[in-house]
Amino acid sequence: MKMEKVLKKIIYLIMPVLLIVSFVNYIIDPANIYHNELIENMAEKLLEGNIVRSIGDEDEGVRHELVVSELKRTPETLIVGSSHVIYIPFEYKDYYNVGESGAKLGDIYAMIGLFDYYNLMPQKIVIGVDQWIFKEDAYSLRNISLTNYANYEIDKVLIPSARNEINYIKNNPIVKKVSELISFSYFQNSLKNFKNIDDKVDATVIVEENVEIGEFVKVMPNGSRILGTSTKNTTEKIIEESEWQVTSNKPVSWLIDTDYLNKVEDNIIQFEALVDTLLERGITVELYLPTWNPIIYDYCVKNKEVSGGLEVEKYIRSMADKRGILVRGSYNPKVTGMTVEAFWDWQHMKPEKMLESFNYIEFD
Amino acid sequence: MDITSVTYLFFVILTMTIYWKIPYKFRWYLLLVISLLFYFVNTKSYTFIYLFISVMTVYIATNYFENERVSKKTKKIILICTISINIGILSVLKYSNLLIVTINFIGKKQISLVSFYSSMGISFYTLQIISYLLDYYWGATEREKNPCKLLLFTCYFPLMISGPISKHQLLGHQFYEEHEFDYGQITSALRRIGWGFAKKLVVADNLAPIVILMFERTDVYTGVWVMVAAMLFSIELYFDFSGCMDIVIGTAACFGIELQENFNAPFFSNTIQEFWKRWHITLGMWFKCYVMYPILKSGMVLRLSERCMRKWGKGGKKVTAYVSMFIVWNLIGLWHGNSWKFIIGESWWFWSVITLGQVFKPKLERLKSILRIKESSIIWQLFQKIRTFILFSVGMIFFNSSDLRAALHMIRSILIRPDMRKAVYILNRDATGNYYKKMTLLVVILIILIQIYIDFKIYSDKNICQKFIVSKPKLIRWGIYFGLVFTIIVFGVFGQSTFIYYGF
């Protein structure tokens, strides 16, 4: 009887807490997991051929899904990768940029899977290869909204029996949605974004008039984005920030332990399997190595214990060479001629410099 | 399964419910099953072999000890072999790289480091099972006839994270005794677990990034900032470790089992010597009982003591005490980790402070009487506590630096004048940059102040906080519970760190 009394008290304590946390997470929803009206409106405007203002924290995966599922024709070129490809003002005539911030290997599978699912596979796919994509396997996504498309592509590319059921379930969008509802981390994020609640209620999308760089980030109908000056830093600030980042061991996406590729063999196999499958289908594949911040690059060169990321370029050039794949760009800023002045913020180059880096092709 | 996770809470609540439902005869089986489950969920399965070997070697050894036909000499050999096997396993898994680094340094070689995955809590359970072995050998405890019961004593799940290192005569029998369900004890235990969560998730984990920043940016945080960093780390470590202990002791209490306390208001100590009797109490007790006393009672040391007394009089007796203490401190340093910073840095520092304190005690007493300082004066009491805190914090520079060189570099940089503007700017960006961070800092300070009050009152009433809450009307009590839970949820740091002592 007394144990029941204790259990009742625990329930009386936990239930209101969970209810409040769930309520706040659902209403504020900083990552728009539960509220899609704004993104639906964005997608509608983009499909009409408009340039729209980005709201900053919208779910890129949901936006891409809503647009791609309604595309009337297949683009000639598909751009896949992280924020290092999103802002490049490509010179292709007809392309779609399905890049997502911080994209991992699973996101690359998801982005390609999205187009594959809707029978929109292009003639050429350009994959931005960031050094961090090999850290986790293809079942691990930054943006879980496109998990089903990742699984679709994984089933096509990899041996179905090799599917990791635990990760498959863990990454299930419904499971994730429920877990985020009672997530304390998400609750803290919600509280930090409390003042943005009015924006959430108002689902009006702002249509931009031109492609000029303005204060806010803009989204183009072809998925590409245009940087906003609100994220721009001065060179002095970039230098300060970069130095602070490396000495605080913060940029873990760049500071990777040595012998990196030997530790992630399975993930490399998954990446190569995806590329090989695309080649077998007659699709031209190009790989792009976005140039690093020179301060971070030099730090990795001098500090061998965190130089694992540098191994990736050598590996990519070798695997591309074997397959006759063109490799664009280079992680090495000395090679692409990028100084700190070429950077927009400590991570990203200025748009014109990104294009310059993209157009750099190393000849033997 | 992180013990500051919601999953762990559900695990404890579920197993506790089953525990109190089943007859008491079967409860120890349940404890063994959940302890093994906890073990296998938290570590690689194959490491169980190390735990198994430890338990079985000790079990077989005690079996021989009970056999009267086995001679005393043989029993001693078995004792030494069993301890060697257990220490050997710990040494190979934990100290191989220390040996390799040392050989590489001295012999200018380039032998590659090795990578072993060791058992969860190996540093703790090894000492615990050796204490049982020695206590049985000396006749201080009963033999555990059932090997499964010995396994339970060794791998009891709350102890596997960071101790406390428990004596068999205090803990063993509690697993099999009939405990009455005590509503007050259970609710008190749950309150303690909640407070442990707050100390770890809100205080320790919020201080951690500031401490990391100051220890890594030794180019910016020089001069007075070195001591600020050291003192912040001391506070972080205390709240991390004592928070863990609150959760562990609270968890055990949920099953009616009482564990030893590991902290007794350490920052209210007047001397470093007193400090180490109140900080990580069970580790200090273990080394005192099973290393220091046997050394002091050994024939070799007794003979040395006599020789020193003949040469230097009464004071000569202290020489062997200091030598024994030096050995013990080196072993304590070694226990903490496979790096020379723990031994040469931390241990030698504390040994020096304690020894010099003892050596110069008569002179310091004379100085006190000349200056007419009263022992009971509040200013003198405060001075002693602050002095102890500072001395402890200096030792923590070695504990938290990446290696010995980094620690010495940091200590040397006390002499470098800092760029205050730069230091404050970077700190502000990380620690107090926005409104949320400012609020978090205030809450951290509030919890620290409450803990200071609890520690201050611990002399007069250990359970002052519990009594305070229980004495309040229902509305206020529940207000406190909800307040604590929301403080943890709003200001806690989730999913980022384990306990500092989990690494040992």
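In strand β4 of chain A, A:V126 is the bridge partner of A:I79, a pairing that belongs to the predicted model described here, in which local features need pLDDT of at least 70, side-chain atom pairs count only at pLDDT 80 or more, and totals for chains, interfaces and linings use all residues. Residues are numbered from 1 along each chain as its sequence is written, chains are lettered from A and ligands numbered from 1 in the order in which they are written, and side-chain values use heavy atoms, with hydrogens and water left out.

Strand β2 (residues 77-80) of chain A pairs with β4(A) in the parallel sense over four bridges, where two strands are taken to pair if DSSP finds at least two bridges between them. Strand β8 (residues 284-289) of chain A is also joined to β4(A), through five bridges and with the strands running parallel; in this pairing, A:G128 has A:Y288 in β8(A) as its bridge partner. Strand β4(A) itself, residues 124-128, is mostly covered, five of its five residues being buried, with buried defined as under 20% relative accessible area, exposed as over 50% and partly exposed as in between (1.4 Å probe, protein chains only).

At the level of the whole chain, 17 helices and nine strands are assigned in chain A, helices (H or I, at least four residues) and strands (E, at least two) being DSSP runs numbered from the N terminus. The radius of gyration of chain A is 22 Å, close to the 21 Å that the globule rule gives for 364 residues, so chain A is as compact as a globular protein of that length; the radius is taken over C-alpha atoms, and the rule is 2.2 Å times the number of residues to the power 0.38. The C-alpha trace spans about 80 × 50 × 45 Å along the principal axes of chain A. Of its 364 residues, 54% count as buried, and residues 24 or more positions apart account for 76% of the contacts in chain A with a separation of 6 or more, a contact meaning heavy atoms within 4.5 Å.

Helix α9 (residues 184-192) of chain A contains A:Q188, a residue that is buried at a relative accessible area of 11%. When neighbours within four places in sequence are left aside, A:Q188 is in contact with residues of chain B, namely B:Y436, B:I488, B:I489, B:V490, B:F491, B:G492 and B:F494.

Several backbone features remain to be described. Most residues other than glycine have a negative phi, and most peptide bonds are trans. In chain B, however, a cis peptide bond with omega of about 5 degrees joins B:G163 and B:P164, and B:P164 is placed in the loop between α7 (159-162) and α8 (168-171) of chain B. A positive phi of about 60 degrees is found at A:D259, although this residue is not a glycine; A:D259 lies in the loop between α11 (235-247) and α12 (260-263) of chain A and, at 39% relative accessibility, counts as partly exposed. Phi of B:H280, likewise a residue other than glycine, is positive and near 45 degrees. The loop between α11 (272-278) and α12 (281-297) of chain B holds B:H280, which is buried with a relative accessible area of 2%.
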